[in-house]
Amino acid sequence: MTDKRTKLVQADIGQDKAYGAVTPPLYLSSTYRFQGFETEGEYDYGRGGNPNRDALAKAIAELEGGAGATITASGMAAIDLLTNLLQSDDLIIAPHDCYGGTHRLLTHRQKQGRFHVEFVDQNDPDALKTALAKNPKLVLIETPSNPLMRLVDIKAISAAAKGVSALIAVDNTFLSPARQLPLSLGADFVIHSTTKYLNGHSDVVGGCIVSKSAETAEEIAWWANCTGVTGSPFDSYQTLRGLRTLFARMDAAESSAMAIAKWLKKQKKVSHVYYPGLRSDPGHKLMKQQQSGPGAMISFELAGGQEAVKAVLENIELFQLAESLGGVESLICHPASMTHRGMEESAREIAGIKDNLLRLSVGIEAQDDLIAALKHIFALI
Ligand SMILES: Cc1ncc(COP(=O)(O)O)c(C=O)c1O
């Protein structure tokens with residue numbers, strides 16, 4: 001059993017010793033019986049360890065090629081957990097166009113004096129060089145970026161960051177390990193909002209940190225137990241259930257996303273399409289190098305401005321007007337007023353997130369139906 005798809009489908013299957021259940025049972029117990037005086041069993045207390053959480057962590061760590069993973073209550077909890085490795089005078093270099101919630105978290109933790117943070121355009125070699133010269137402790141990468149689908153070179157940035165002994169963490173939420181493996185490109189950590197592609201059914205909020213080394217995996221697990229940010233057994237159970245179909249879901253969604261991006265590109269009512277799968281996209285060449293496919297997220301700018309934006313968002317069929325991404329159902333969102341409203345307007349401007357920008361999370365519905373829904377709404381605006 002060497003293929004990752006096979007391993008993933010089979011994760012923790014047929015292991016139940018009590019009744020021979022094929023799918024793993026759900027262990028909700030918060031506490032576990034000691035075998036005797038001073039003799040713990042494999043588990044003692046649910047904050048620190050749980051069989052469902054461990055099975056999920058093992059499956060994700062294997063997919064990403066890491067030594068271990070910690071499952072958290074959300075993607076933000078995972079990012080915050082990672083910052084426990086920093087002291088108050090340490091510096092984080094983060095992308096200027098990262099997810100709005102990440103921007104807000106790092107900005108406010110800096111205000112509290114937890115660490116220093118600089119938001120940098122990691123595609124600007126001079127800006128990156130200047131930032132690395134300040135000897136950061138951690139370089140956070142998010143590629144493709146949310147929502148502008150900008151790609152940065154994980155291998156090159158990791159090599160440069162290693163040169164100043166910085167740790168490198170990559171937020172792999174937008175692609176999942178089905179399309180990108182940051183640890184193999186030099187990163188030390190991979191972060192996920194498992195809420196997205198890994199769970200894939202928009203019914204769990206969760207996160208994880210995968211560590212390349214066993215030592216840091218242990219350190220992160222220690223902090224997760226200490227601060228109490230570990231994910232719940234039920235969420236872990238659900239997420240592993242969703243994770244089994246990751247590759248099949250990604251294949252279907254990506255194929256529709258490619259067709260939709262090509263269609264959008266031809267529309268006069270669209271002034272710009274952001275999708276690295278398009279040959280015309282500035283990230284296309286890098287996409288071919290570091291990803292095994294372009295993924296299923298697309299952003300585009302409408303030529304018609306605010307009125308067209310409102311008409312599309314309020315009348316489009318099939319695509320739900322909602323935040324989040326990576327589920328089997330298709331979603332549409334307006335980053336400026338939704339996912340990225342936590343970012344100051346000036347920061348959004350610097351990142352290039354305009355008011356006429358829309359983001360699609362393409363699901364696994366029939367491709368023709370998705371394109372028909374877009375055609376229908378475009379005829380009305
Ligand atoms: C790229 C990225 N990272 C992290 C997060 C935060 O994850 P969560 O919502 O699970 O806390 C999100 C959420 O949208 C995201 O898009």
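P147 is found in the loop between β4 and α6, and the structure discussed here is a predicted model. The peptide bond that joins N146 to P147 is cis, with omega at about 10 degrees. The loop between β4 and α6 is also the place of P144, and a cis peptide bond, with omega about 0 degrees, joins T143 and P144. M149 lies in the loop between β4 and α6 as well, and although M149 is not a glycine, its phi is positive, at about 55 degrees. As background to these entries, most peptide bonds are trans, and most residues other than glycine have a negative phi. Is M149 buried or exposed? Because a residue with 20 or more other C-beta atoms within 10 Å of its own is classed as buried, M149, with 28 other C-beta atoms within 10 Å, is buried.

A positive phi is also found at S202, which is not a glycine and has a value of about 50 degrees. S202 belongs to the loop between β6 (189–193) and β7 (207–211), and with 20 C-beta neighbours inside 10 Å it counts as buried.

The next element to consider is α6, in which I154, I157, S158, A160 and A161 are buried. Seen down the axis of α6, these buried residues fall within an arc of 165 degrees, so they line one face of the helix. Which elements does that buried set pack against? The partners of the buried residues of α6 are α5 (125–132), β4 (138–142), β5 (167–171) and α10 (284–290). After the helix comes S165, whose phi is positive, near 60 degrees.

From these local features one can turn to the division of the chain, which consists of domain 1 (4–243) and domain 2 (246–380). The centres of the two domains, taken over C-alpha atoms, are separated by 26 Å, and the contact between them takes 32 residues from domain 1 and 36 residues from domain 2. On the side of domain 1 that touches domain 2, α1 (4–9), α4 (100–111) and α6 (154–163) each supply at least two residues, and the largest share of that side, 4 residues, comes from α4. Sorted by class, the side of domain 1 that touches domain 2 has 14 nonpolar, 10 polar and 8 charged residues.

A contrasting position is that of Q35, whose place is in the loop between α1 and α2 (51–64). Because a residue with 12 or fewer other C-beta atoms within 10 Å of its own is classed as exposed, Q35, with 10 C-beta neighbours inside 10 Å, counts as exposed. The C-alpha atoms of Q35 and Q290 are separated by 49 Å, and the two residues are 255 apart along the chain.

Finally, the chain may be considered as a whole, with its 13 helices and 12 strands. The radius of gyration of the chain is 21 Å, close to the 21 Å that the globule rule gives for 381 residues, so the chain is as compact as a globular protein of that length. Taken along the principal axes, the box that the C-alpha atoms of the chain fill is roughly 75 × 50 × 35 Å. Of the 381 residues of the chain, 49% count as buried. How many of the contacts between residues at least 6 apart in sequence join residues at least 24 apart? Among such contacts in the chain, 72% join residues at least 24 apart.

Technical notes
Residues numbered from 1 in each chain as written. Predicted model: local features only at pLDDT ≥ 70, side-chain atom pairs only at ≥ 80, totals over all residues. Domains from an automatic or database assignment. Contact = placed C-beta atoms within 7 Å. Nonpolar A, V, L, I, M, F, W, Y, C, P; charged D, E, K, R; others polar. Rg over C-alpha atoms; globule rule 2.2 N^0.38 Å. Arc of directions from axis to C-beta.
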